[in-house]
Every structure is written in structure tokens, then in C-alpha cells.
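Biologist: Hi! I'm new to this one, could you walk me through it?
Modeller: Happy to, let's bring it up.

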Amino acid sequence: MSSVLRFLAVVGVLFSAATGWAKVEVVSTLPDYGAIVRAIGGEHVNVRVLSSPLEDPHYVDAKPSFIVALNRADLLIFNGLELEIGWLPNLIIQSRNSEIQPGQAGSLEVARFVNRLIDVPRGAVDRSMGDIHAGGNPHFHHDPSRMMELLPIIAQRLIQLDPVNKRTYQDNLARTQAQFKELLDQARSLFANLSVSQRQVVAYHKSFGYLFETLGLEVKAYLEPKPGVAPTPAHVAKVLALMKREKIGVIVQEAHYPSRTSATVAKLAQAKMVQVVGGTQEGETYLEHVRDMMTRIYQAISGENS
């Protein structure tokens with residue numbers, strides 16, 4: 001490349017950065033965070049999501065392309081609370097990107113900003129307790145109430161990395177916050193009309209504790225005897241007896257978990273099984289995903305068909 005062309009290339013890069021043409025390269029571990037970054041960042045961000053909504057976020061198959069994406073990232077957004085501990089730390093090291101290392105502006109562990117964590121264990125934690133997370137339940141991304149708390153955190157980090165487009169991020173943040181509030185008001189009002197007995201459900205894994213708390217639902221039992229441990233015949237028999245005795249009519253689980261046990265128990269208990277996708281799908285907004293998930297749960301509980 002001639003000296004003139006090299007000079008023009010450098011000028012082009014500097015001009016793009018100064019005018020906001022250079023997009024913020026964001027890598028998200030979960031589809032839900034990727035969708036929210038797109039809502040706030042708009043045309044000023046490029047987002048790469050590392051996991052599928054049909055994939056268990058505890059056990060994501062790390063690919064070489066992930067290292068390339070992380071190497072180019074300006075911002076890494078991840079859940080934290082050890083949700084990605086089995087696959088993300090080594091990828092961050094291998095990326096050789098100093099900007100996304102822990103403590104840097106390009107690293108955003110959203111769990112650090114979540115209020116009212118649940119299922120925080122008391123005392124020491126060991127593997128005999130199942131897949132227990134020492135800091136608390138990491139599945140707050142299913143709950144629009146907790147996610148709404150994270151919106152300004154994500155917006156502020158984008159502004160920090162891309163101050164030229166601060167006004168756009170602020171405007172998008174305000175609009176997104178209003179949309180979240182509207183959805184939450186509608187959902188809480190809807191679920192408040194359910195009877196006490198209708199609000200009792202069974203779940204497969206401790207995935208929806210935060211969402212159920214927001215909606216006023218109570219989990220009476222889990223099909224997993226311990227988090228991350230497959231159902232055993234003895235435990236399943238106890239859950240089935242409980243469902244029959246207390247007339248619990250709904251089992252909720254994410255689609256990436258095996259469904260045979262849930263389907264069998266639901267049939268024997270004359271209950272409904274609600275199987276939901278565990279994250280925002282491609283071409284879908286986070287609020288569209290959550291609205292669909294809450295609607296399906298409500299319809300199963302209330303008996304409504306639409």
C-alpha cells in the first residue's frame with residue numbers, strides 16, 4: 001500500500017470515530033442481552049451473541065469463532081453469578097483482548113447490578129447440593145423487572161465507549177424503559193386476577209424464580225431433586241402426589257431441558273405443560289419474547305385459549 005493510501009486509511013478511521021460512524025462491537029453471552037443492546041444501541045452497535053436460545057447457558061459449546069469475536073469486541077456483556085463459568089473465562093483469556101478483561105470498561109458483568117437476588121445459599125456450597133451458585137440464582141434475565149433495572153447500566157456503558165452518540169442512546173433508553181413499564185403493569189394486573197390456588201405451579205429447573213416472583217406465582221416443587229440433577233423416580237412420585245393433592249395444574253420448563261418427565265407427570269396429574277424457549281430468538285425483541293412467555297404461562301394457568 002502506498003504512503004498516500006495508508007494516510008487516507010488512517011484519516012478514514014479517525015473520521016469515522018469522530019463522527020460516530022464506527023459502530024460499537026458488542027459480544028453478548030445470552031440472546032436476551034444482545035436484544036436489549038440492539039434496542040438501546042440501534043444502528044450504532046454490531047452485536048454477536050454466543051449462545052442459542054435453545055441452548056443451556058451453563059453448557060455452551062465454545063467455538064473458535066467465539067475467540068475471534070471476543071478479540072474484536074469493544075464490549076462484552078455477560079450474565080455472571082457463575083452462569084457461564086464453564087466456558088467463558090478461557091475464551092476471554094484466549095481472545096487476547098485487554099479491553100474486555102475483568103475490571104475494564106469493555107467488560108460488563110450485569111449480575112453485579114441486580115438488586116434482590118434470590119436463592120442465595122447460606123453457608124458453604126459443595127457439589128452434593130447440585131448445581132448451586134454461591135452468589136445466588138443467575139436466571140434473572142427471564143424477569144423483565146430485573147432487566148429493566150439493567151437498562152441504564154447498559155446504556156451508560158455504551159455512552160462511555162461511544163460518547164459521540166450519547167443522545168441517541170439516551171433517547172432509546174427512555175423509550176425502552178417506557179415499553180418495559182407498560183408491559184410490567186399489564187402483566188402484573190393480569191396475573192393479580194388469578195386465584196391463590198391458580199398461582200401455584202411446578203417447574204423443572206430453578207429458571208423462573210425471578211419471573212414468578214414478579215408475577216406473584218409460587219413454585220410448589222421442582223422436578224429436579226436438586227438443581228442440575230436429573231429427576232429420579234422417587235422424587236417424581238412425590239411431585240406427582242403433591243400435584244394431585246393440591247390440584248396444581250401447570251408445569252413450566254425451558255425447551256432445552258428434556259421434556260419426557262414433565263409431559264408424563266402433566267398427563268398423570270391432568271395438568272398442562274408449558275415449554276418455553278429460554279431466550280430471545282433471532283428477529284425478536286426481548287419484550288416480544290417475554291410477552292409471549294408470560295402469555296403462554298397465563299393461558300395455561302387460567303384456562304384461556306387466547
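**Aromatic pairs and a helix pair**

Modeller: Let's start with Tyr-298, which counts as buried because its relative accessibility is 9%, and buried means under 20%. Keep in mind that this is a predicted model.

Biologist: Thanks! How many aromatic pairs does the structure hold?
Modeller: There are five aromatic pairs. In one of them, Phe-140 and Tyr-210 sit edge-to-face, 6.1 Å centre to centre with 85 degrees between the planes.

Biologist: Where in the chain are those two?
Modeller: Phe-140 is in the loop between strand E4 and H5, while Tyr-210 is in helix H7. They are 70 residues apart, so to speak distant parts of the chain that the pair links.

Biologist: And are Phe-140 and Tyr-210 buried or exposed?
Modeller: Both Phe-140 and Tyr-210 are buried.

Biologist: Back to Tyr-298, which residue does it pair with?
Modeller: Tyr-298 pairs with Phe-191, edge-to-face, at 5.4 Å centre to centre and 70 degrees between the planes. Phe-191 belongs to helix H6 and Tyr-298 to helix H10, 107 residues apart. Phe-191 counts as buried too, because its relative accessibility is 1%.

Biologist: New topic: at what angle do H5 and H6 pack?
Modeller: The angle is about 180 degrees, and their axes are 10 Å apart. H5 and H6 are therefore roughly antiparallel, as angles over 145 degrees count that way.

Biologist: Which residues make that contact?
Modeller: Among them are Met-148, Leu-151 and Ala-155 of H5, and Leu-173, Phe-180 and Arg-188 of H6. By class, the contact has 12 nonpolar, four polar and three charged residues.

Methods. Residues numbered from 1 in each chain as written. Predicted model: local features only at pLDDT ≥ 70, side-chain atom pairs only at ≥ 80, totals over all residues. Heavy atoms only, no water. Axes fitted to C-alpha atoms, helices over the stretch in contact; angles between N-to-C directions. Helix = DSSP H or I, 4+ residues; strand = E, 2+ residues; numbered from the N terminus. Parallel < 35°, antiparallel > 145°, perpendicular 65-115°, else oblique. Contact = heavy atoms within 4.5 Å. Nonpolar A, V, L, I, M, F, W, Y, C, P; charged D, E, K, R; others polar. Phe/Tyr/Trp six-rings, centres within 6.5 Å; stacked < 30°, edge-to-face > 60°. Buried < 20%, exposed > 50% of the residue type's maximum accessible area, 1.4 Å probe, protein only.
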